[in-house]
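User: Could we go through the charged side chains in this one, starting with how open they are to solvent?

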Amino acid sequence: MPKINLQAISYYLALPFIFFISILPFWVLYLISDFFLYPVLYLLLGYRKKVVRENLLNAFPEKDLKEIIKIEKGFYHHLCDLFLESFKSLTISKKELDKRFVFEVDQQQLNDWYDNNRSFVMTLGHYGNYEWLAQTLGSQFKHKGTAPYHELSNSYFDKMFYDLRTRFGSILYTTTETYKKIAQGFDGPFTVALGNDQSAPPLKSYWTTFLNQDTSFFFGTEMIAVKFDMPVVFVYISQVKRGYYKVTFELITDKPKEEEKNSILERHANLLEKQIQEKPEFWLWSHRRWKHKKPEHIK
């Protein structure tokens, strides 16, 4: 009896639905988000609601429960939009994406780095529509746009998301290949986008105070910048209005080799914290960010 491929079955059953969602106009997607997906995800299923509530209470001890619930609801509305906007990426045109995801950055500075054969690091958190950032990396600068990604357990869905993220020229590689790929280079200057706001292993990470809690950050952002002498910019993704985002950069350092140890990571944490505090609903609160506790011997 032939072996049943459950991954393939789930993929091909879901594909027509995903494609149908992707061809709908944005105004219809947001109706689905408001009147179907949000009630199901938040009110009916309570998707990771306990994790979200706990994260918010710990991050904002000065806020009362009414304020926390307001942020919580805003987050779930954003999460539903992000889910549908990601599916929209399957068929969105380059022209439409460039209209909705606008880069307002110092192109002269980037061109100077390019002319001097300098690649650079883009460090950011899972804030705003980070999926569209991955999709636009390869078409915004002279530098080649690259980023690591986590492989999905379902190989069919993994290929689908890989293809949609790279359809406009972005270069992706698995997280385990990051250092090797950067060391090999990409036939010219490039940028590497690194999301650094997920729970890092307690004994192999930089610890600091972030959103009122002891928090671990991966060393990779700073290690790569220093090792390969790459300038570092912090990436802000802000929502202009629903379905429209603006991307800006803030320079963390142009001379990473001259920075004090961990100062790049500390600056990243400070900038991300400030961004979250201003509009907290756009950060990924459903992630178990503080599942690790700081070991007692670490200062």
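**Charged pairs**

Analyst: Lys 94 has a relative accessibility of 26% and therefore counts as partly exposed (buried is under 20% relative accessible area, exposed is over 50%, and partly exposed lies in between, with a 1.4 Å probe and protein chains only). Please keep in mind that this is a predicted model, in which local features need pLDDT of at least 70, side-chain atom pairs count only at pLDDT 80 or more, and totals for chains, interfaces and linings use all residues. Residues are numbered from 1 along each chain as its sequence is written, and side-chain values use heavy atoms, with hydrogens and water left out.

User: OK, which side chain does Lys 94 meet in a salt bridge?

Analyst: Its partner is Asp 98, at 2.4 Å from N to O, where a salt bridge is a side-chain nitrogen of Lys or Arg within 4 Å of a carboxyl oxygen of Asp or Glu. Asp 98 is also partly exposed, with a relative accessible area of 29%.

User: And where do Lys 94 and Asp 98 lie?

Analyst: Both belong to helix 5, residues 94-100, and they are four residues apart, about one turn of the helix; helices here are DSSP runs of H or I with at least four residues, numbered from the N terminus.

User: What does Arg 100 form a salt bridge with?

Analyst: Arg 100 pairs with Glu 96, the closest N and O atoms being 2.6 Å apart, and these two residues also lie in helix 5 with a spacing of four residues, about one turn.

User: Is Arg 100 buried or exposed?

Analyst: Arg 100 counts as buried, at 8% relative accessibility.

User: Switching to helix 8, which residues there pair up four apart?

Analyst: Lys 159 and Asp 163 both lie in helix 8 (residues 155-166), four residues apart, and their salt bridge brings the closest N and O atoms to 2.8 Å. Lys 159 is exposed, with a relative accessible area of 53%, whereas Asp 163 is partly exposed at 34%.

User: Which residues do salt bridges with shared partners join into one network?

Analyst: That network consists of Asp 34, Asp 81 and Arg 242. Asp 81 sits in helix 4, residues 65-88, and is buried at 6% relative accessibility.

User: What is Asp 81 in contact with, then?

Analyst: Setting aside neighbours within four places in sequence, Asp 81 is in contact with Tyr 30, Ser 33 and Arg 242, contact being heavy atoms within 4.5 Å.

User: Last one: how many salt bridges are there in the whole structure?

Analyst: The search of the whole structure finds 12 salt bridges.
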